[in-house]
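Let's take a friendly walk through the charged side-chain pairs of this model. Have the viewer open as you read.

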Amino acid sequence: MQIGKCLFLYSKKEETLKMAAIGLRNIYFNKIKSEAENAAPTYETTGGGRLGALVSANMTLTYADGEAYADDKLEDEIHDFVNGLLETELFDLTEEKYAMLFGATEGEDGELSESGSNVAVMGGLGYARTIRRRDAQGVMKTMWKGYFYPKVQPRKPTSENATTKQGSVTYNNDGISFRIFEANDGVYRVIKSFATEAEYETWIKGKLSITA
């Protein structure tokens, strides 16, 4: 997945649609409550919400590949999804959200305690890309393309860098990676485009059972 400005061309029956990705926003997360066999996960009714201001989101997918040859030609090919990794940067991940993601303890005195026994939660995640797309009449319109991952698990950063204040300011954003899993119903990602941001918000909150 490429984040930032890019150009996408799609041709079907001599009709050409153009898309330019110009933004990224509104990342939501909620913990999985249960996941029945052959079914999509269900999510908690409280605690889910916006993680923070989204700076970037970069996804890579891993596939299992195999080829079968017979009679000097390719007879079959396998290209099956295994898992994926979504690497995000957030402008400000609060201690409360960090504790929720990684099972840390947030004390009443504001202290955040981490231990080796902490387990990162399984949850669902979604965000939106802002795009500019020409419709069939050639009119350029702003749209919101929503991405929903029904089953992910956050991974703790393995390093942390800090520097003293200098002549110029460099923002150090919070980098959080999410391992992407295939849910029990076989789905690992859902994508849908919307005419308005409000429509995206309604959609992703509905997917994640977020009511606030």
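Which residue forms a salt bridge with R25? The partner is E197, with the closest N and O atoms 3.2 Å apart.

## Ground rules

This is a predicted model, in which local features need pLDDT of at least 70, side-chain atom pairs count only at pLDDT 80 or more, and totals for chains, interfaces and linings use all residues. Residues are numbered from 1 along each chain as its sequence is written, and side-chain values use heavy atoms, leaving out hydrogens and water.

A salt bridge here is a side-chain nitrogen of Lys or Arg within 4 Å of a carboxyl oxygen of Asp or Glu. The structure holds 3 salt bridges.

## R25 and E197

R25 sits in strand β2 (residues 15–34) and E197 in helix α2 (residues 197–207), so their pairing ties together parts 172 residues apart in sequence. Helices (H or I, at least four residues) and strands (E, at least two) are DSSP runs numbered from the N terminus.

R25 is partly exposed at 33% relative accessible area, and E197 is partly exposed at 25%. Buried means under 20%, exposed over 50%, and partly exposed in between (1.4 Å probe, protein chains only).

## E35 and K151

E35 pairs with K151, the closest N and O atoms being 3.1 Å apart. This links distant parts of the chain: E35 is in the loop between β2 and β3 (42–43), and K151 is in strand β10 (residues 140–155), 116 residues apart. E35 is partly exposed at 23%, whereas K151 is buried at 16%.

## K73 and E75

K73 forms a salt bridge with E75, with the closest N and O atoms 3.0 Å apart. K73 is partly exposed at 42%, and E75 is partly exposed at 45%.
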